[in-house]
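Hi everyone, thanks for coming. Let's have the sequence and the structure up on the screen, please.

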Amino acid sequence: MKDERKIRVIPATNSRRLFVDDDSPIIMQKKKVAAYARVSTGREEQQTSFKSQMEYYTRLILSNPNWEMVGVYADEGISGRSMKKRAKFREMIKDALDGKIDMILVKSVSRFARNVLDSLTIIEQLREKRIPVVFEKEKLNSLQDDKRTNFMLTMYASIAQEESDSLSDSVNWGIQRRNEQGFVRKAKTYGYDVLNHEYVINKEQAEVVRLIFELYLSGLSFRLISEELKRRNIKSPSGLDRWDESTIEGMLQNEKYIGDALLQKTIVRPWVQKKRAASADSQQYYVEDDHEPIISDEMFERVKREMEYRRSLRSCTKSGRGGYSSKYPLSSKVYCYQCGCIFRRHGYQCGDKYIKTWTCSNHKLNGNSVCTQLAVKESELYDSFVRVVNMLIEDKEGMVKKITESIQETLTERLADQANDELAKKIASKERQLVKAVKTAQTAEDLIGGEREREQLITEIEALKQEQKKRSLQVVDLEHTNDRFQALWDMVAEKGKLTEFDGDMFRKIVNRVTVDGKELTYDFGCGITITDSIE
């Protein structure tokens, strides 16, 4: 029989205990304790709760002789959905992981985080460092790494997230009902002040809004508009010297500047980190004449068409990107007659001179086998424009009469041909037939039997509506052509005969220049085309 073995139990050692020698008493080092407090709104009653939490945890930590107070980390008026905006929370977790905190106190799991994944991930990180999070309301200590504690933490975190989702859904429901009634929440918008829940034009900012629209229609890109605003010392909406290009693009697409409001552009999706997404799958509401406009409907439509035109431009590269540019006055204005590609600016050294030329991008990329159009000197293009403008001025009366008659004749024909009343009557008649077909169906068999007839009626109604829309757009385009024509003559009258190239004038009045060998054909976008030859 083997000798009975002696077993000696070695008690667990606390990492915070210091041993002086074998006979000396154990000296406990004070725990460095921090607390976290958060309220999700800035309301007065929440402010009281916030102050109470701060005072409570300060007293609690200081009253324990074994605790050393690190501080109370507090986020005020911040949602618990995501850590992104909770600066103090992130700072506290970092301090804990860096060894500056031994224990964290918090009122409840919902105060800690309203996102299950965030809660459990952070708690696991702290566990690895042996740092407990104590939840007072639920009486849980995260360092008790047993099945019950893990289950309870997961359950409470899930409940907190579900409450947040439910609250978000309720808020969205309320917003939806207000949208249906045409209620426009007056959010901060550059160009307007909000007084008594109404938009009031801010005159100084409104001038900047108009300037941005005018600069865009003059041919400038978002980047060049940003540079021009900086050059004029105009601060951005956030007070910066530089305007972000996306800000300018958003302003040019903002219907509020014509006095309207599109409701429910985006919706909150709490289940994906409270991200906002375009509400293409949800109904939208468009409120007309909600407030005083800053720009005209016509200018807004012109900008919309210009944006579509610029997006449609494609370069001759494989990606097709980079079709539009406004770096130079001639950028995105000069095209090749042979292949239709845009001309790009290039240069080469010739002796002591640097020669600037414009070359078909397709020819430059693929050579003569694809396009034989040769490069054109920039100076030749400049001189040609001067000649063309002076030709317009010399024949101003005859050209004005000819184009005005043509525009008015076409406009009158289209307006007469449009026959809005006739189209509207046809649509109404088809809709009545559709309603009658549905009402007369008494049984399910009747509905199935008449399905083809109903589908045919719906198809015809849609086709008539598309035709109605098409004709309306034609009239708008003709009116735009007339406005462009008037703008052309206003600028010509203002400038008079040219003695040198005017880049600003070129951008504003020339729609397109087509190069065919040594011939340049100018299209002014209002029915006027002039061909000029270069040597």
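Quick housekeeping before I go on. This is a predicted model, where local features need pLDDT of at least 70, side-chain atom pairs count only at pLDDT 80 or more, and totals for chains, interfaces and linings use all residues. Residues are numbered from 1 along each chain as its sequence is written, and side-chain values use heavy atoms, with hydrogens and water left out.

When I say helix or strand, I mean a DSSP run, numbered from the N terminus: H or I with at least four residues for helices, E with at least two for strands. Two strands pair if DSSP finds at least two bridges between them.

Back to our pair, then. Strand 18 (residues 512–516) and strand 19 (residues 519–523) are antiparallel, with five bridges. They belong to an open sheet of four strands, in the order 14-18-19-20, and the pairing is mixed. On average, neighbouring strands here are turned by 25° against each other, ignoring direction. Helix 11 (residues 378–394) packs on this sheet and touches strand 19 and strand 20; contact means heavy atoms within 4.5 Å. The directions of helix 11 and strand 20 make about 130°. For that, axes are lines fitted to C-alpha atoms, for helices over the stretch in contact, and angles between N-to-C directions run from 0 to 180 degrees.

Eight bridges link strand 15 to strand 16 (residues 353–360), and Gly-347 sits opposite Lys-356 of strand 16.

Now a hairpin. Strand 8 (residues 192–195) runs antiparallel to strand 9, and four bridges join them. Leu-195 has Glu-198 as its bridge partner. Two residues lie between the strands, and Asn-196 takes a positive phi near 55° in this hairpin.

Last stop: helix 7 (residues 222–231). Its buried residues include Phe-222, Leu-224, Ile-225 and Leu-229; buried means under 20% relative accessible area, exposed over 50%, partly exposed in between, with a 1.4 Å probe and protein chains only. Just after helix 7, Asn-233 has a positive phi of about 60°.
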